[in-house]
Amino acid sequence: MNPTRTIEVVVIGGGQAGLAMSQRLTSRSIDHVVLERGDTANSWRKERWDSLRLLTPNWLARLPGWSYQGDDPDGYMSASQVADYLDAYRNSIGAPIQTGVEVTRITSSDGRHVVETNDGPWSARAVVMATGACSNPHVPAIADDMPDHIEHITPIRYRNPEQLNEGGVLVVGASASGLQLADELGRTGRDVTLAVGDHVRLPRTYRGMDIHWWMDAIGQLDERYDEVEDLERARRLPSLQLVGSPERRDLDLSTVAAHGVSLAGRLAGRSGHRAQFSGSFANMCTSADLKERRLLDRLDEYATSHGLDAELSEATRPLPTVTGPPLLEVDLRSIDTIVWATGFRPSYPWLDPQLLDRKGRLVHDGGVLPVPGLYVLGLPFMRRRKSSFLDGVGPDATELTEHLAGHLARDVAHSHARS
């Protein structure tokens, strides 16, 4: 049994959030260690499908003290390129990372936190949980009611179409992951059905500029968690219907339908050998089209008010969603595989359950937990709309480091007072 090691801060997770936090702590000369269960950028190497690329352009892959220096700033890095990018970042900042270390439990007492691992315990005055938002795929309970012959798979286990059985595929969820996988599978000629719920539709480019350039320019990506009316809803918003591709192509329901993917409403249940879908499909599409038009109106207003109209392309709007009547039922005997692209739920099995709400979500205020010295980083809209992006973890890490440094200073002051 290894003896307990003492340090100021333990950071859990060696992805972009953990590395950004490490750089910020180093800039403040705060002694820390980064514990990673696999290797740097483990999820980018082992939990992404082969064709995946970032949804954000490469120039937006900004981290504290680090930015994209390649020859394709307007392109979109593949998963392996992101992993290499983070490896280079780790080496540049000299992150004190220990790989192959699995955290098993965190206990807090008398102003210190003991982080138990498979490599022995650490005692720290602060702990930052930076394990990301995509560690645990959410599979709804209805999956247990599907016929036994159907294979179930989530996006972190999917690699390519050849991996799946030859029969029909039902993809549940039409945000970025579900739409991309349905598109990829449909282009191989497979019989694919996509179950569609609430979604956010946007063009890849507008007036010649990437949609993320626009959202960065108007300040939407920097919108703060204390500035929105319904934060919980903002944190639950589905990811944008986008794909990163060399040709910067659009990807929406009309696109996949044109390539042979059958569309249905939200998966509602099963009756015998038939999967049943809700009749809300048309309303979902109308709502997504309306929200898209409102955002594009805002972009046009920004361009005019900033004198950019002459420099940009004409304002050509995407056509409304056109797909034909949606399916209301599917014969499950024709389905060999269900891809559950139904989002993720961060998992903290080593944390006191009292720190989670009734839905198992971590209770925090912009990354600050109720227990002094405990923090979380990298969750959707944690402090900004871009909090879970490569470009978002840096500003969040800077603010959490400021709060953490204040906590450490107060802790020292209290200790001196007691002595």
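Student: Which conventions apply to the numbering and to the predicted model?
Tutor: Residues are numbered from 1 along each chain as its sequence is written, and side-chain values use heavy atoms, with hydrogens and water left out. The model is predicted, so local features need pLDDT of at least 70 and side-chain atom pairs count only at pLDDT 80 or more, while totals for chains, interfaces and linings use all residues.

Student: In what order do the 5 strands of the open parallel sheet stand?
Tutor: Strands are DSSP runs of E with at least two residues, and helices are runs of H or I with at least four, both numbered from the N terminus. Two strands pair if DSSP finds at least two bridges between them. With parallel pairing, the order is β7-β18-β8-β9-β14.

Student: Which strands of this sheet stand at the edges, and why is one side of each left without a neighbour?
Tutor: An edge strand here has a single partner strand, so one of its sides has no neighbour in the sheet. The strands in that position are β7 (151–153) and β14 (262–264).

Student: By what angle are neighbouring strands of this sheet turned against each other on average?
Tutor: Axes are lines fitted to C-alpha atoms, for helices over the stretch in contact, and angles run from 0 to 180 degrees between N-to-C directions. For the strands of this sheet direction is ignored, and the average is 20°.

Student: Which residue of β14 stands opposite alanine 195?
Tutor: Strand β9 (residues 192–195) runs parallel to β14, and 3 bridges join them. The residue opposite alanine 195 is alanine 264.

Student: At about what angle does helix α4 run to β9?
Tutor: Helix α4 covers residues 176–186 and lies across β8 (168–172), β9 and β18 (335–340). Contact means heavy atoms within 4.5 Å. The angle of α4 to β9 is about 165°.

Student: Which strands are at the edges of the open sheet of 3 strands?
Tutor: This sheet has antiparallel pairing and the order β15-β16-β17. Its twist averages 25° from one strand to the next. The strands that pair on one side only are β15 (267–271) and β17 (329–331).

Student: Which residue of β16 is the bridge partner of serine 271?
Tutor: β15 and β16 (residues 274–277) are antiparallel and share 4 bridges. The partner of serine 271 is arginine 274.

Student: Which residue takes a positive phi in the hairpin of β4 and β5?
Tutor: β4 (residues 103–109) pairs with β5 (residues 112–117) in the antiparallel sense over 6 bridges. Serine 109 has arginine 112 of β5 as its bridge partner. There are 2 residues between the strands, and the one with a positive phi near 55° is aspartate 110.

Student: Why is the pair of tryptophan 66 and tyrosine 85 called tilted?
Tutor: Rings of Phe, Tyr and Trp (its six-membered ring) pair if their centres lie within 6.5 Å; planes under 30 degrees apart count as stacked, over 60 as edge-to-face and the rest as tilted. The count by this rule is 5 aromatic pairs. The centres of these two rings are 6.3 Å apart and the planes are at 50°, so the pair is tilted.

Student: Is tyrosine 85 buried or exposed?
Tutor: Buried means under 20% relative accessible area, exposed over 50%, partly exposed in between (1.4 Å probe, protein chains only). Tryptophan 66 is at 26% and therefore partly exposed. Tyrosine 85 is at 8%, so the class is buried.

Student: What kind of aromatic pair do tryptophan 213 and tryptophan 214 form?
Tutor: Tryptophan 213, at 25% relative accessibility, counts as partly exposed, whereas tryptophan 214, at 0%, is buried. The centres are 5.1 Å apart with 85° between the planes, and the pair is edge-to-face.

Student: What distance separates the C-alpha atoms of threonine 4 and glycine 120?
Tutor: Threonine 4 is in the segment before β1 (5–12). Not counting residues up to four places away in sequence, threonine 4 touches Pro121, Trp122 and Ser123. Glycine 120 is 116 residues away along the chain, and the C-alpha separation is 6.7 Å.
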